[in-house]
Amino acid sequence: MNAADDKTIVREYFNSTGFDRWQRIYGDGEVNKVQLDIRTGHQQTVDNVIGWLKADNNLPSLSICDAGCGVGSLSIPLAMSGAKVYASDISAKMVSEAQDRAVMALSNTVNPSFTVQDLESLSGNYHTVICLDVLIHYPQEKADEMISHLCSLAQSRIILSFAPKTFFLTILKKIGTFFPGPSKTTRAYLHPKADVIKILEKNGFSIQRQAMARTKFYFSSLLEATRTSV
Ligand code: SAM
């Protein structure tokens, strides 16, 4: 399968069965045990990012690009804390849900600003570029290109989360639960942390903070890197 196929499959998935599944997981309604476990793990990742950014005490002065924003789980709290958030996602359904949730939470349609766009075609410059739990849908080579492109959009900082390759066997065992049934499937790709760090460094960034979110069915490594060269 080539990278274009991966992208088409991912887009279709998050506009159909994937949308139904993930908007429930990323919500607060009733879900099954596995979905609840994934919800808890994902919330740890979101909370880690918000914790880092709040600790810096400068959110209202930041422009943030949330690439692959899903239903706005990160974009909405960041906008509530005063950051200017540019959120985008390849899936029109996810973006529409995010927009609805933002209106409910913030009573405005201006911040975050949402667009339906794949991250490869994003342009512009943002203080901080964030991309959570998107790289899992792409093989290493494609993920490297995506990371390099995201680096080119970041003035100062990039924050990424991905499923680390170290948990390969554990995840493989559980993969049926992540994406059950062949018709509902997207492949899950794991990325060695050392490779992700290498790509960030190649693009002139160096690691500042790291965290790991881990529950039974959710594993995500979180990296913050800041620009060391222009
Ligand atoms: N980042 C969000 C979060 O953590 O709440 C959503 C994570 S969800 C597992 C993955 C999201 O990435 C989906 O909403 C999907 O549509 C989006 N996505 C996948 N490939 C993408 C791409 N090439 N460009 C932009 N978004 C993409």
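Reader: Let's start with helix α3. How many residues does α3 have, and how far does it reach?
Author: This is a predicted model, and in it α3 runs over residues 33-55, which is 23 residues. From the first C-alpha to the last, α3 reaches 32 Å, close to the 33 Å expected at 1.5 Å a residue.

Reader: Nice. What goes on at the start of α3?
Author: There, a side-chain oxygen of N32 comes to within 3.1 Å of the backbone nitrogen of V34.

Reader: And which residue follows α3?
Author: That's N57, and its phi is positive, near 65 degrees.

Reader: Great, on to the ligand. Where does the ligand sit?
Author: You'll find the ligand in the largest cavity.

Reader: Which residues come nearest to the ligand?
Author: There are 22 residues around the ligand, and H42, G68, D89, L132 and Y138 come nearest.

Reader: What does H42 do there, in terms of distance to a ligand oxygen?
Author: One polar side-chain atom of H42 is 2.7 Å from an oxygen atom of the ligand.

Reader: How much of the ligand's accessible area does the protein cover?
Author: On its own the ligand has 600 Å² of accessible area, and the protein covers 98% of that.

Reader: Last one: how does the shell divide into nonpolar, polar and charged?
Author: The shell around the ligand has 11 nonpolar, 7 polar and 4 charged residues.

Conventions. Residues numbered from 1 in each chain as written. Predicted model: local features only at pLDDT ≥ 70, side-chain atom pairs only at ≥ 80, totals over all residues. Heavy atoms only, no water. Near = heavy atom within 4 Å. Polar contact = N/O pair within 3.5 Å; in protein donor to acceptor, adjacent residues only side chain to side chain. Areas by Shrake-Rupley, 256 points an atom, 1.4 Å probe, with all protein chains shown as cover. 1 Å grid on protein atoms, 1.4 Å probe; cavity = no way out; pocket = protein on both sides within 12 Å on 5 of 7 lines; lining within 4 Å. Sits in = over half its atoms within 2 Å of the grid points. Nonpolar A, V, L, I, M, F, W, Y, C, P; charged D, E, K, R; others polar. Helix = DSSP H or I, 4+ residues; strand = E, 2+ residues; numbered from the N terminus. Expected span 1.5 Å × (residues − 1).
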